[in-house]
Amino acid sequence: MMCKKWLGSTVFLIIGLFTNALGAYVGVNIGTDVSNMPSASDVIAILKANQITHIRLYDADSHMLKALSNSGIDVMVGVLNEEVLGIGESASTAAAWINKNVAAYLPSTNITAIAVGSQVLTSIPNAASVLVSAMNNLHKALVASDLNFQVKISTPQSMDVIPRPFPPSTATFNSAWNSTIYQILQFLKNTKSFYMLNAYPYYGYVNGNGIFPIDYALFRSMPSVKQIVDPNTLFHYNSMFDAMVDATYYSIAAVNLSGIPIVVTESGWPWQGGANETDANLENAETYNNNLIRRVLNDTDKRPGPISEKNWGVFFTNGSTVYPLSFSGSSRLSTNSSGVFCVAKDDADSDKLQDGLNWACGQGQANCSAIQPGQPCYLPNNIKSHASYAFNDYYQRMHSVGGTCNFDGAATTTSKDPSYGSCIYAGSSNSSTSGRFMPPAAFGPVSPLGGSTTLPVSRIQFLISAAFLALFLL
């Protein structure tokens, strides 16, 4: 599906095999085709006021690139779809584009990537034959300018290139584009770049016509019996977003390529729609985007189509937010300081402990890094100890906004600090992270017993949070 994004309505999410190197961050997509567009300097002020450190420009707007100079903000610039043909057919045109839109602004403007077109295969298929040539021509121009190690090149694609994304384990790219997609993937692997994915659970949910529950699309907690199960792997998906990303990784693997990380260049949820778009509403948009931000981390008015197409943004053009949104993921996730801890019950059923542990480290977004092998809370290596740590980390973060210490009857509260040795539980007076939200290193259920509870080829374990929300509305 072609979803034309402009200023501020989508999430841009880095997903890959390099969690430790990049860490987690939130950013925004920015385009300039918006009524009452703020000045470039005002846009930068809004970004800084909201501690946004990464952005994607849908074009290479000179005003924005100049204003971003010495801002400390990482920038992805975009080649417009109408520019792809010329760049693909002419190496000199590609070189001129790099000189004008990249080299001229480095190093003061920190340009880190180039997105070549937007959903070219499905939106302008006549340019598909030169898409890889355009990417190669741009890369050669970067090499000539000695910028190829700083600036990566890729091309965003929608989920439409995967005709049957569920079950993820059998997902493959559309065979009509086999040759082009293989060439794209080979380019990404050779240049150590990443696959750019536009993933919209909103459309998957709406087009599913009731097949999928709304909670599945909004990252809301679901009991295991209601989670969506891949019949081939028996892996339980508790969010459509996870399934979309996994489907893409499986599709890449199906062409016998691996080691290519994914960047989710767009995601989000519209906060207003027409009479027949009842799920495009403020509550759902706030829920989706905040849950996505927590999980690791919309354009607007100048486009045709349904009302929801104009209402993905998270800011109005005067800088005010459409709904409460924390780009750090921390404003509503403060550590509980009541001296109460949440731990596993002594007599808890081991299956309930495992289910609770999986949920806490996955959907519950507890920071379970300390119970991984070699970390301070890994030993003793048993389900009760690991579950206690995960239960408590979730409880300390979420108690103030309604999170409970229950886990299907497997947990209980205690005033006794369960910390021991160098293993410090969240909420402890000895904790140095009190009041600070530490994003988990991976999405999805995580096994702190030495492996992942996802199937061996499931790619959800490699997700990291680096999301970009589109910025403005009229």
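A residue counts as buried under 20% relative accessible area, as exposed over 50%, and as partly exposed in between. All views show a predicted model.

**Figure 1. Overview of the protein chain.** The predicted model contains 14 helices and 16 strands. The chain has 474 residues, of which 58% are buried. The close-up views below pick out single elements and side-chain contacts.

**Figure 2. Buried residues of helix α2.** Helix α2 spans residues 40-49, and its buried residues include A40, V43, I44, I46 and L47. These five side chains lie on the same side of α2, because they cover an arc of only 160° around the axis. An α-helix has 3.6 residues a turn, so residues three or four places apart point the same way. Just after α2, the backbone at Q51 takes a positive phi of about 55°.

**Figure 3. L80 in the loop between β4 and α4.** Strand β4 covers residues 74-79 and helix α4 covers 81-89, with L80 in the loop between them. L80 has a relative accessible area of 26% and is therefore partly exposed. A60 is shown with L80: the two are 20 residues apart in sequence, and their C-alpha atoms are 8.6 Å apart in space.

**Figure 4. A patch of negative charge on the surface.** The patch gathers four residues, D349, D351, D355 and D408. One of them, D351, lies in helix α13, which runs over residues 350-361. D351 counts as exposed because its relative accessibility is 53%, and the cut-off for exposed is over 50%.

Figure 5. Side chains of opposite charge can pair when their charged atoms come close. In the model, the count comes to five salt bridges. The one shown here joins the side chains of D393 and R397, with an N to O distance of 2.3 Å. Both residues belong to helix α14 (residues 383-398), and because they are four residues apart, about one helical turn separates them. D393 is buried, at 5% relative accessibility. R397 is also buried, with a relative accessible area of 7%.

Figure 6. In the salt bridge between D215 and R220, the closest N and O atoms are 3.2 Å apart. D215 has a relative accessible area of 25%, so this residue is partly exposed. R220 counts as partly exposed as well, at 25% relative accessibility. The side chain of R220 also meets that of E283 in a salt bridge, at 3.8 Å from N to O. This pair links distant parts of the chain, 63 residues apart: R220 sits in the loop between α10 (214-217) and β9 (228-229), whereas E283 sits in helix α12 (residues 282-295). E283 is exposed, with a relative accessible area of 54%.

Technical notes. Residues numbered from 1 in each chain as written. Predicted model: local features only at pLDDT ≥ 70, side-chain atom pairs only at ≥ 80, totals over all residues. Heavy atoms only, no water. Buried < 20%, exposed > 50% of the residue type's maximum accessible area, 1.4 Å probe, protein only. Helix = DSSP H or I, 4+ residues; strand = E, 2+ residues; numbered from the N terminus. Arc of directions from axis to C-beta. Patch = residues over 30% accessible without salt bridge, like charges linked within 9 Å, V, L, I, M, F, W, Y side chains within 5 Å. Areas by Shrake-Rupley, 256 points an atom, 1.4 Å probe, with all protein chains shown as cover. Lys, Arg positive; Asp, Glu negative; His and termini not counted. Charge placed at Lys NZ, Arg CZ, Asp CG, Glu CD.
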